[in-house]
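Here's a quick briefing to read with the model open beside you. Take a look at the fold, then work through the points below.

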Amino acid sequence: MVMVTYAAIIYFYFIPSEFSFPDKTIPLRILGLLFSSTVVIPMITLLVLLKVGNIKTIQIEEQKERNWPILLAAIIYLGAFYILQNRVVPVFIQLFLLGAIVGILLSLLINIKWKISLHMIGIGGLCGGILSIFILQQGENPLILAGLFFLSGLLGTARLYLNAHTPAQIFFGFLAGFSIEFFLLFMMLH
């Protein structure tokens with residue numbers, strides 16, 4: 001859930017950009033909007049689903065329990081995307097959010113037959129999105145990318161250690177998220 005906010009933080013504060021704001025508080029307001037709509041509201045939704053008994057735990061470990069939370073997350077993210085269309089927001093952030101929506105919807109389709117790692121879709125998307133913007137803007141700080149890929153490895157290892165997923169679910173989750181964000185951003189911004 002936090003990957004869209006992380007992408008915006010990296011974009012605003014760690015990647016040189018020609019995008020400038022007339023008011024220096026605008027990035028903070030965008031971050032607040034992203035965090036509330038892609039983290040806080042989905043988390044409240046999960047708590048409501050837990051309270052009414054649609055899910056057993058907040059981790060949503062069972063495949064059959066994941067459909068409603070994933071669908072509701074997609075709807076919430078679509079609402080956030082719609083709101084951002086009427087604001088001064090860099091195209092990168094809008095497209096990254098759109099890629100997150102595509103990733104969520106893809107995970108919903110996959111979840112019908114197979115459990116894929118939502119964590120890895122998220123971190124894979126973050127890696128793919130940041131890599132695409134680095135390539136397009138000739139980013140000069142490879143430590144950000146190295147750190148993201150290292151964190152991806154740690155997250156995948158943790159999911160395996162917790163027996164939350166199989167190696168295939170981890171790998172294909174990362175690959176799906178990475179591919180969606182990388183190709184969407186690269187094609188739309190190129």
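Among contacts (heavy atoms within 4.5 Å) between residues at least 6 apart in sequence, 72% join residues at least 24 apart. Keep in mind that this is a predicted model, where local features need pLDDT of at least 70 and side-chain atom pairs count only at pLDDT 80 or more, while totals for chains, interfaces and linings use all residues. Residues are numbered from 1 along each chain as its sequence is written, and side-chain values use heavy atoms, with hydrogens and water left out.

**Overall build**
- The protein has seven helices and zero strands, where helices (H or I, at least four residues) and strands (E, at least two) are DSSP runs numbered from the N terminus.
- A compact globule of 190 residues would have a radius of gyration near 16 Å, and the protein agrees because it comes out at 16 Å; the value is taken over C-alpha atoms, and the rule is 2.2 Å times the number of residues to the power 0.38.
- Along the principal axes, the C-alpha atoms fill a box of roughly 45 × 30 × 25 Å.
- Of the 190 residues, 46% count as buried (buried is under 20% relative accessible area, exposed over 50%, partly exposed in between, with a 1.4 Å probe and protein chains only).
- The accessible surface is about 10,300 Å², and 72% of that belongs to carbon and sulfur atoms; these areas come from the Shrake-Rupley method with a 1.4 Å probe, and for residues only the protein chains shown count as cover.

**Confidence**
- Mean pLDDT (the predictor's confidence in each residue, from 0 to 100) is 92, and 99% of residues reach 70 or more.
- Helix H7 (residues 167–189) has the highest confidence, at 97, and helix H1 (residues 3–13) the lowest, at a mean of 93.

**Helix H7**
- At 1.5 Å a residue, the 23 residues of H7 should span 33 Å, which agrees with the 33 Å between its end C-alpha atoms; the expected span is 1.5 Å times one less than the number of residues.
- Buried residues of H7 include Gln-169, Phe-174, Glu-181 and Leu-185.
- The buried residues of H7 pack against helix H4 (91–111), helix H5 (118–137) and helix H6 (142–161).

**Two positive phi values**
- Most residues other than glycine have a negative phi.
- Ile-60, in the loop between helix H2 (26–52) and helix H3 (67–84), has phi near 45° and is buried, at 11% relative accessible area.
- Asn-163, in the loop between H6 and H7, has a phi of about 55° and is exposed, at 70%.
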